[in-house]
Amino acid sequence: MSDKVKVTIDGITVEVDNGTTILNAARQIGGDIVPPAMCYYSKLEGSGGKCRTCIVKVSKGSEKDPRPMPKLVASCRTTVMDGMEVLNITSPEVLEARAGVVEFLLINHPLDCPVCDQAGECDLQNLSYEHGLQQTRFEFERRTFERIDIGDKIQLHMNRCILCYRCVFVADQITNKRVHGILNRGDHSEISTYIQQVVENDFSGNVIDVCPVGALTDKTFRFKNRVWFTKPVDAHRDCNHDTCNGKVTLWYKGENVLRVTARKDEFGEVEAFICNECRFDKKLTADWVIEHPTHIDDTSVIASNHYETLIPLHVIQPNEALQAANEIELHKKVKY
Amino acid sequence: MSRKLLLEHINVPGINTFEVYRQKGGYRAVEKALKTLTPEEIVEEVKKSGLRGRGGAGFPTGMKWSFLAKPEGVARYLVCNADESEPGTFKDRYLMTHIPHALIEGMIVSSFALGAKVSYIYVRGEMMPQIRILEKAIAEAKAAGFLGKNILGTGYDLELYVQPGGGAYICGEETALLESLEGKRGNPRIKPPFPAIAGLYGCPTVVNNVESIAAIVPIINDGGEEYAKIGIGRSTGTKLISASGNLVKPGVYEIELGLPVEEFIYSDEYCGGIANGKRLKATVAGGSSVPVLPANLTLKLANGEPRLMSYESLSEGGFATGTMLGSGGFIAFDEDQSIVRNTWNFSRFYYHESCGQCSPCREGTGWMEKVLNRIVHGKGNMQDVDLLWDIQRRIEGNTICPLGDAAAWPVASAIRHFRDEFEYYINEPVKSQTVPYGMANYAVPIEKITVTEEK
């Protein structure tokens with residue numbers, strides 16, 4: 001078998017390595033056809049498959065076995081086969097099921113975005129916006145938990161959690177010793193440290209970065225500012241820590257560094273995990289070597305305050321085909 | 001009287017002890033398999049028998065065994081799934097309580113066929129007496145030389161362990177069972193890889209139901225072809241049915257597959273009819289997760305032919321007019337029972353047992369339970385029925401494991417066949433709390449639709 005396989009996603013064919021998942025193949029194509037992922041994190045082994053937002057339809061299994069797959073599959077955990085044909089945004093079935101998943105994720109979410117520190121960079125917020133759910137059909141009390149301080153730097157706000165398990169994988173794979181996990185079952189399961197133990201180790205802060213919602217927040221940044229008022233700048237420092245490369249994003253408000261996060265790529269995943277010293281203790285410009293403003297995608301609310309895009313974008317793009325088709329109507333003097 | 005293969009000697013006093021079981025011809029299958037057959041021949045016999053998994057899905061056991069990867073130098077495991085917790089199903093508990101040696105014997109033969117040196121019986125945590133019974137039976141078998149090192153001088157070694165679970169329904173899903181057996185949280189794994197490739201501790205593993213493993217014994221004794229003669233079509237052999245509900249004689253029955261449902265409910269050999277002279281309203285034919293059917297569709301197919309107790313006949317007509325054999329948990333409801341209330345009860349069970357790993361099941365089961373709770377207590381409205389339909393549709397097929405489907409199907413089928421009862425609860429919020437809805441037209445035979453050619 002050759003090392004490269006061909007896969008067609010929404011009619012666009014791409015050649016990827018054997019063993020690539022559908023989601024990663026879609027990321028290589030990029031653009032609108034990339035399925036959203038709330039729980040999958042490429043840097044964390046074993047993550048994914050849980051949130052079901054990335055489900056896609058496989059309309060042709062492979063060149064050898066062209067039968068379609070009977071159910072929608074989680075694209076983050078399904079590997080591509082040669083000749084596979086996948087439908088994502090071109091399949092109404094997928095969009096419907098995904099809207100269903102978004103609705104499920106929101107029924108127990110507190111929707112306290114006005115006071116949530118994650119607002120503006122929240123995956124769940126973006127996902128809900130994209131799927132345009134304007135009202136809820138859930139007329140019952142939402143499940144609630146008490147807020148828990150895990151250590152002096154991290155706060156756990158379990159109400160907002162969507163149980164993606166990313167932080168559990170971070171604790172398992174990045175930090176030395178896992179001291180937190182999932183308790184209970186069903187919709188009352190919760191992330192917890194046993195008997196509110198403190199999460200103490202050099203990489204524990206990364207759980208904040210991987211959290212797709214505002215369940216794990218940085219207490220040093222809590223209620224300091226809205227993220228869209230801060231200006232992200234890439235910077236680095238010589239970190240003494242073995243596995244931390246010291247490459248971060250500083251979030252400025254005026255001249256103050258309000259918070260430090262790891263650098264995130266276009267899919268919202270960190271490029272490399274950083275240590276707690278970089279994240280929590282180095283909040284002076286003098287600690288860092290400034291590189292350049294962080295590139296922020298135009299679709300993000302953070303970009304509205306950004307000086308990388310100085311030229312205002314066209315608000316309304318002229319549609320030439322539409323104009324040509326309606327030329328007579330457009331040039332009428334009297335419209336009615 | 002139909003043939004009994006598993007429960008033949010159930011009434012012999014002391015059949016739970018090694019001596020009596022041996023006198024009645026027990027452990028012949030071990031002697032025959034280990035001394036005269038090769039593992040490949042046993043797998044071939046099981047394939048010939050057409051035995052289908054008795055845990056619910058009905059996947060052919062022989063085929064499952066032949067999928068097992070056999071890399072050199074890697075251990076293989078056989079795990080027996082005795083985490084029986086489906087509401088309405090209690091056949092495995094019955095078998096383990098009364099004839100534990102049938103399971104042990106089946107385990108030895110199956111382990112030999114699969115080349116497993118260590119095998120596990122994962123028993124639900126609530127079944128403490130059964131765990132003790134099995135441990136005692138294993139000790140007896142070991143003392144008699146049927147377990148341990150060099151079984152019967154053939155050079156085959158097998159250690160058999162009983163592992164109590166924590167009592168979670170989700171641990172009956174095979175990958176969740178393996179996670180639990182490894183000592184982790186019982187979350188289902190994301191497949192592929194399937195257990196036949198990477199199962200327990202990453203090694204190739206076969207997970208089989210108690211009844212499937214016990215059925216290996218008669219297959220080896222009499223031969224696969226003999227076993228395949230029992231039953232009908234692709235549903236071969238006998239099946240244990242746990243009959244419960246408003247029946248004159250509820251209990252565990254061994255039936256030959258292909259028995260008409262009507263005969264099973266009304267004949268004196270089996271359930272003996274509906275208790276207290278009432279009429280049958282509805283049945284759940286295979287445990288709580290299969291679709292509920294009204295009486296007319298239970299007894300007859302949509303085309304007017306009698307429905308049989310077999311994998312094919314029960315699922316005839318798909319979800320529109322059929323159900324599934326499932327694990328054989330047969331629940332009958334008489335005319336006074338409320339299907340809406342029962343649906344709520346099932347829904348509550350799935351809400352409680354959802355592991356919380358994937359979103360549709362975690363959030364959807366709770367939502368359905370809350371909406372049904374409202375309807376049952378006379379506080380529902382008409383949109384709720386459509387809402388329920390929408391929720392179940394969005395859960396079904398979008399989850400990691402079949403629990404999501406299992407939670408969705410009873411709700412879907414209840415709405416499909418008993419929508420008027422839901423409407424009764426909504427339109428008569430006070431009356432519905434005390435007066436049952438009754439039979440309506442659930443037992444009226446369905447008119448046979450015949451196609452007439454126009455001339």
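## A tour of chains A and B

Begin in chain B, at N150(B), which sits in the loop between α7 (128–143) and β3 (159–164) of chain B. Keep in mind that this is a predicted model. Check the backbone at N150(B): phi is positive, at about 50°, yet the residue is not a glycine. Most residues other than glycine have a negative phi.

**Stop 2: two cis prolines**

Move on to the loop between α8 (174–181) and β4 (205–209) of chain B, and select P192(B) there. The peptide bond between K191(B) and P192(B) is cis, with omega about -10°. Now step to P193(B), also in the loop between α8 and β4 of chain B. The bond from P192(B) to P193(B) is cis as well, and its omega is near 5°. Most peptide bonds are trans.

**Stop 3: α3 and α6 of chain B**

Select residues 39–49 of chain B for helix α3, then residues 100–114 of chain B for helix α6. The two pack at an angle of about 115°, and their axes are 7 Å apart. α3(B) and α6(B) make a left-handed crossing. Show side chains for P39(B), I42(B) and V43(B) on α3(B); they meet V109(B), F112(B) and A113(B) on α6(B). Which classes make up the contact of α3(B) with α6(B)? It has 6 nonpolar residues, with no polar and no charged ones.

**Stop 4: α16 and α17 of chain B**

Next, pick helix α16 (residues 339–353) and helix α17 (residues 359–376) of chain B. Their axes lie 9 Å apart, and the packing angle is about 150°. How do α16(B) and α17(B) run relative to each other, roughly parallel or roughly antiparallel? The cut-off for roughly antiparallel is an angle over 145 degrees. α16(B) and α17(B) are therefore roughly antiparallel. The crossing of α16(B) past α17(B) is left-handed.

Colour the contact residues. On α16(B) they include W344(B), R348(B) and Y351(B). On α17(B), among them are M368(B), E369(B) and L372(B). By class, the contact of α16(B) with α17(B) holds 8 nonpolar, 5 polar and 3 charged residues.

**Stop 5: where the chains touch**

Zoom out to see both chains. The contact draws 25 residues from chain A and 23 residues from chain B. Which element of chain A supplies the largest share of the side that touches chain B? Select residues 92–107 of chain A: this is helix α2, and it gives 6 residues, the largest share. The side of chain A that touches chain B has 13 nonpolar, 5 polar and 7 charged residues.

**Stop 6: an annotated stretch of chain A**

Select residues 93–132 of chain A. An unreviewed UniProt entry places the feature "domain: 4Fe-4S His(Cys)3-ligated-type" here. Over residues 93–132 of chain A, the chain is 60% helix and 0% strand. The end C-alpha atoms of this stretch are 16 Å apart.

**Last stop: colour by confidence**

The model as a whole scores ipTM 0.87 and pTM 0.89. Chain B has a mean pLDDT of 92, with 99% of its residues at 70 or more. Among the elements of chain B, look for strand β2 (residues 118–123), which has the highest mean pLDDT, 96. Helix α15 (residues 318–321) of chain B has the lowest, 86.

Turn to chain A. Its mean pLDDT is 85, and 92% of its residues reach 70 or more. Finish at residues 309–313 of chain A, where pLDDT is below 50. Beyond near neighbours in sequence, this stretch has 2 contacts in the model.

Conventions: Residues are numbered from 1 along each chain as its sequence is written. Chains are lettered from A and ligands numbered from 1 in the order in which they are written. This is a predicted model: local features need pLDDT of at least 70, side-chain atom pairs count only at pLDDT 80 or more; totals for chains, interfaces and linings use all residues. pLDDT is the predictor's confidence in each residue, from 0 to 100. Helices (H or I, at least four residues) and strands (E, at least two) are DSSP runs, numbered from the N terminus. Two residues are in contact if their C-beta atoms, placed from the backbone, lie within 7 Å. Ala, Val, Leu, Ile, Met, Phe, Trp, Tyr, Cys and Pro count as nonpolar, Asp, Glu, Lys and Arg as charged, and the others, Gly among them, as polar. Axes are lines fitted to C-alpha atoms, for helices over the stretch in contact, and angles run from 0 to 180 degrees between N-to-C directions. Angles under 35 degrees count as roughly parallel, over 145 as roughly antiparallel, 65 to 115 as roughly perpendicular and the rest as oblique. A crossing is left-handed if the near helix is turned anticlockwise from the far one by less than a right angle, and right-handed if clockwise. UniProt positions are given in the numbering used here, feature names are shortened, and annotations may be inferred rather than shown by experiment.
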